[in-house]
There are 2 protein chains.
Amino acid sequence: MSPFTRQRSRSIAALGEVKLIIEIQRWLGTSSPKAPNGIGDDCAVLAGSPRDQLVTVDPVIFGEHFDEKIPARGVGAKLFNRNLSDIAAMGGRPRAAVVALAMSKDVKIEWLRDFYRSLANIARRHRVPIIGGDIAHQPTGLTATMTLIGESPKKRTLARQGAQAGDWIFTTGNLGGSRLDWHWKFTPRLAEGQWLATRPEVRAMMDISDGLAKDLRNLQPSGTRAALSAGLIPISRSAQQMSRSSKQPALFHALTDGEDYELLLAVNGRTKPETLQQAWARHSKLPLTCIGRFVKTRAVSPFADEIDLSTYHGFEHLR
Amino acid sequence: MSPFTRQRSRSIAALGEVKLIIEIQRWLGTSSPKAPNGIGDDCAVLAGSPRDQLVTVDPVIFGEHFDEKIPARGVGAKLFNRNLSDIAAMGGRPRAAVVALAMSKDVKIEWLRDFYRSLANIARRHRVPIIGGDIAHQPTGLTATMTLIGESPKKRTLARQGAQAGDWIFTTGNLGGSRLDWHWKFTPRLAEGQWLATRPEVRAMMDISDGLAKDLRNLQPSGTRAALSAGLIPISRSAQQMSRSSKQPALFHALTDGEDYELLLAVNGRTKPETLQQAWARHSKLPLTCIGRFVKTRAVSPFADEIDLSTYHGFEHLR
């Protein structure tokens, strides 16, 4: 469904700001607490907590992260889930969200209703109230920005920094081909991230949003090379499907397509990969695959089928 | 300065995302801590705190909140200060901010530099680090969204709810005519808001963003009428100046122009207005004016020059 309409009576211009905010509160229902703990005051009040807080912000933009082919509920899900994925990437627990909408006056009321109802569903599922937001006019288009606040895990926050030479490289799930539908249908790996943060052998973690080949550089310790084995990369069915039309190998899609929203982690090289995988299998049905190792820059390859990463690029924004 | 350029070499497209993020970190300098406490990880880590946290989100949008006549540093200041004003409105102390930018590829690097440097200046002045953000492409225009996290005052958070029949209505500063330049040059009333939150006679507070006549409804207790005395409204010089060209009375501008970013408060009716004002004068040179009173809906007017508020409307968005 297109987010826009030429019929004024079906557009937000027919409501105006005051009535639209009342509608939004109705659509959000129990997922949005009463002011001052929710929408309706200058700020939302969130209870204090002694633990480290995690803050992340990500938008969905019409013509960029979604178009008229994605249902409004899919757009809401994508917005919420990509922020949840950032909390998952540090092993955290999400606590509360705010949503700022900038949009033209011809946005369809029905579209917005489905969008907010989808936010409400996810808010309830994860017990993450939507405590505030903003709606504003912009000349054209639709940009929705969520800021999500979470809480660090009990033991420690898993950051991108921390990997060492010799560490194994693991990924959850299967990679590539997200553009087909995964990019708005994915599940953020919250429980998995929280579990991984309890494991002392996991040294660094992030989520894959711009493609494995590009994102991996953010985990890579200096003086090392990310040696990935081509045969170990878990390639999704969507990557294989895209390969047929793109004439590129499925591996290419697994390495360079963005929006996998899987977890990428570095694991102490003295651990046996199987030890972590066996413990994992008791908690999750998702694959957890060892795909390579950070080795010293000029070290001999541990794999006969090591991928030459210099030939792959992930998604580069704003070019 | 226009935020946009036709010369690709001067635009962000010439940099691309990765280099632009490095530039942004350089422009922000010491106002942006190192990851994971700042930009560079999936989330930013903010230290826990036992006090209630305040969360607010507000954007600035090209063609809506600013245009090419406002310098980029003014746009940055406006974005930061309107969020600070929301924290001030609850008596809070700002702690940390994240900024999400959605923009077309023809945004001028120089414009962005001035914008971020201005954010950095304000961040340093108020000791509010910019701990994270996002940059994303949107088909046209420029939308910058800040989420600001603050902390409740020691004693209590001043909400919009809490006023009672008989309460005095006060405002800080002078009202109206913000469009001339105040809307991007204003000072958020942080110290004032914090001081007011320590005063037990102050029962409810908010900032004036959509015009006194409209915003007042958010403080107004049910079963009451906001009786304002025309002669008591502190009218700004800008409102008088605008009155000359608009042919509307200056009072009209003071009541209906948006973006005053002054504090509006309800004060226990048993307090003498002078008592609060005398204590105030020891802390601030800003005017604190008693402009009226919440009286029972059908009560006789306490003022001979009571304003008929039903004839005034504030700024209605999205119409």
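Guide: We will take the features one after another, with the general idea before each case. This is a predicted model, in which local features need pLDDT of at least 70 and side-chain atom pairs count only at pLDDT 80 or more, while totals for chains, interfaces and linings use all residues. Residues are numbered from 1 along each chain as its sequence is written, and chains are lettered from A and ligands numbered from 1 in the order in which they are written.

Visitor: Which residues have the most contacts inside the largest nonpolar core?

Guide: In soluble globular proteins, nonpolar side chains tend to be buried together. A residue is called buried if 20 or more other C-beta atoms lie within 10 Å of its own, exposed if 12 or fewer do, and partly exposed in between, with the C-beta atoms placed from the backbone. A nonpolar core is then a set of buried Ala, Val, Leu, Ile, Met, Phe, Trp, Tyr and Cys residues joined through C-beta atoms within 7 Å. Here the largest such core has 198 residues, and those with the most contacts inside it are Leu119(A), Met205(A), Leu265(A), Leu119(B), Met205(B) and Leu265(B).

Visitor: What is Leu119(A) in contact with, leaving aside its neighbours within four places in sequence?

Guide: Two residues are in contact if their C-beta atoms, placed from the backbone, lie within 7 Å. With those sequence neighbours left aside, Leu119(A) is in contact with Leu28(A), Gly76(A), Phe80(A), Val99(A) and Ile130(A). Phe80(A) belongs to helix H2 of chain A, where helices (H or I, at least four residues) and strands (E, at least two) are DSSP runs numbered from the N terminus. Phe80(A) counts as buried because it has 28 C-beta neighbours inside 10 Å. Leaving aside neighbours within four places in sequence, the contacts of Phe80(A) are Leu119(A), Ile122(A) and Met146(A).

Visitor: How do strands pair with E5(A), and how many of its residues are buried?

Guide: Two strands pair if DSSP finds at least two bridges between them. Strand E5 (residues 142–151) of chain A pairs with strand E2 (residues 53–61) of chain A in the antiparallel sense over nine bridges, and Pro59(A) has Thr145(A) as its bridge partner in E5(A). E3(A) and E5(A) also run antiparallel, joined by ten bridges, with Val98(A) opposite Thr147(A). Nine of the ten residues of E5(A) are buried, so this strand is largely enclosed by the rest of the structure.

Visitor: In which sense do E3(A) and E4(A) pair, parallel or antiparallel?

Guide: Strand E3 (residues 93–103) of chain A and E4(A) are parallel, with seven bridges between them. Between these strands the chain passes through helix H3 (residues 109–126) of chain A, and this β-α-β crossover is right-handed, meaning that, with the strands pointing away from the viewer, the path from the first strand over the helix to the second runs clockwise. Eight of the eight residues of strand E4 (residues 130–137) of chain A are buried, so E4(A) is largely enclosed by the rest of the structure.

Visitor: How many residues does each chain give to the contact between chain A and chain B?

Guide: The contact takes 66 residues from chain B and 66 residues from chain A. On the side of chain B that touches chain A, the largest share, eight residues, comes from E2(B). The residues of that side divide into 31 nonpolar, 21 polar and 14 charged, where Ala, Val, Leu, Ile, Met, Phe, Trp, Tyr, Cys and Pro count as nonpolar, Asp, Glu, Lys and Arg as charged, and the others, Gly among them, as polar. Strand E1 (residues 44–46) of chain A runs antiparallel to E2(B), joined by three bridges, and Ala44(A) stands opposite Val55(B).

Visitor: Where should I look for backbone details in the loops?

Guide: A cis peptide bond, with omega near 0 degrees, runs from Ala35(A) to Pro36(A), and Pro36(A) lies in the loop between helix H1 (16–28) and E1 of chain A. Tyr261(A) has a phi near 55 degrees, a positive value in a residue other than glycine, and Tyr261(A) is buried, with 25 other C-beta atoms within 10 Å. Lys247(B) also has a positive phi, about 65 degrees, although it is not a glycine, but Lys247(B) is exposed, with 7 other C-beta atoms within 10 Å.
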